[in-house]
Amino acid sequence: MADQLKNPKKQFQLNPNWAQLREQLSSNGFQKQRSNPSETENPNSILGKRISRSSDDSGDAPPNPLIPTSSDSSVTDVIGMDCEMVGVSSVGNRSALGRVTLVNQWGNVIYDEYVRPVERVVDFRTKISGIRPQHLKKAKDFRVVQKEVAELIKGRILVGHALRNDFKALLLGHQKQDIRDTSEYKHFLREGRSRALRNLATEVLGVEIQNGEHCPIEDARAAMMLYLKHRKEWEKSIKDFARLKEKQKKRKPKKKKRSLRRPASE
């Protein structure tokens, strides 16, 4: 008993089996995992890749101009529009309105509806339109959408690309002086020809769109951004053209003087 009191460490000496188990756990990294749990995360996980990539590249990636910078969803004096079509008629080669989207000048959506055409849909044209049968099951009737869109765009500047196709599908018209069509603006033409919206978006805005199924929200925003980028000179050219036409109206055509012929001398 006296020997145990003189040497207390001998009393609490670990069993050799426990000591062996502790060494095995230590060699398998158990203590390392407990001390630093973050090191146990899978470095190849998708989440891990996203976090590391976003932190590394966040300063290099330019902001996407198609993402609205304002939360204002009011109906502004300038509206962007884009429509997606489906195929009707016996072979589906005639276009009918399948979806219409309106955005305000900030790019925020103020109207976005799928449309049930008057005629039976034969071709949903999903690869381009992105429209599927389920989208039209609870879609609004064409006449309802037509009326609502007409009320929203009335008296406002309307921006879009190849708007004549959208007007045709909507069976609507618009004041010519209030149309801003990016397919017809002189600075966007190449050798007098209109260019695709996706090409203009890439070249002028530096963004890629229409890679696969079209998104009318994205397309309407792209047209709006193209207009806003050239808004000052675009509006000036329209005013200059209007003044020129007004001057031409005021000019009175000159009357031609009739020459009096003298009778021939005998």
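**Entry 1. Ground rules.** I am working with a predicted model, in which local features need pLDDT of at least 70, side-chain atom pairs count only at pLDDT 80 or more, and totals for chains, interfaces and linings use all residues. Residues are numbered from 1 along each chain as its sequence is written, and side-chain values use heavy atoms, with hydrogens and water left out.

**Entry 2. The sheet.** I took helices (H or I, at least four residues) and strands (E, at least two) as DSSP runs, numbered from the N terminus. Two strands pair if DSSP finds at least two bridges between them. In what order do the six strands of the open sheet run? I read β4-β3-β2-β1-β5-β6, with mixed pairing. β4 and β6 stand at the edges with a single partner strand each, so one side of each is left without a neighbour in the sheet.

I then went through individual pairs.

- β2 (residues 94-103) and β3 are antiparallel over five bridges. Thr101 has Asp112 in β3 as its bridge partner.
- The hairpin of β2 and β3 has five residues between the strands, and Gly107 there takes a positive phi near 90°.
- β3 and β4 pair in the parallel sense over two bridges, with Val115 opposite Lys140 in β4.
- β1 and β5 (residues 157-160) are parallel over three bridges. Here Gly80 stands opposite Val159 in β5.

**Entry 3. Salt bridges.** I counted a salt bridge where a side-chain nitrogen of Lys or Arg lies within 4 Å of a carboxyl oxygen of Asp or Glu. The structure holds eleven. For exposure I used relative accessible area: buried is under 20%, exposed over 50%, partly exposed in between (1.4 Å probe, protein chains only).

Which parts of the chain does the pair of Lys140 and Glu113 link? Its closest N and O atoms are 3.6 Å apart. Lys140 is in strand β4 (residues 140-141) and Glu113 in strand β3 (residues 109-116), 27 residues apart, so I logged the pair as linking distant parts of the chain. Lys140 is partly exposed at 28%, and Glu113 is partly exposed at 23%. Glu113, Lys140 and Glu148 are linked in a network of salt bridges.

Asp240 and Lys236 form a salt bridge at 3.0 Å between the closest N and O atoms. Both lie in helix α11 (residues 231-250), four residues or about one turn of the helix apart. Asp240 is partly exposed at 32%, whereas Lys236 is exposed at 52%.

I also noted Glu203 with Arg195, at 2.4 Å from N to O. Is Arg195 buried or exposed? Arg195 is buried, at 13%.

**Entry 4. Pockets.** The search ran on a 1 Å grid over the protein atoms alone; a pocket is an open set of points where a 1.4 Å probe fits, with protein on both sides within 12 Å along at least five of seven lines, and lining residues have an atom within 4 Å of a point. Grid points are joined across faces, edges and corners, and a volume is the space filled by probe spheres set on the points.

The largest pocket holds about 700 Å³. Of its 19 lining residues, Lys176, Gln177, Ile179, Ile238 and Phe241 lie nearest the centre. α8 (163-170), β6 (179-181) and α11 are the elements that give two or more residues to this lining, and the largest share, eight residues, comes from α11. By class I have eight nonpolar (Ala, Val, Leu, Ile, Met, Phe, Trp, Tyr, Cys and Pro), nine charged (Asp, Glu, Lys and Arg) and two polar (the others, Gly among them).

The second largest pocket has a volume of about 440 Å³. Its lining has 18 residues, with Asp82, Cys83, Glu84, Asn165 and His214 nearest the centre. β1 (78-88), α5 (126-129), α8 and α9 (197-205) give two or more residues to this lining. β1 supplies the largest share, four residues. The classes come to six nonpolar, six polar and six charged.
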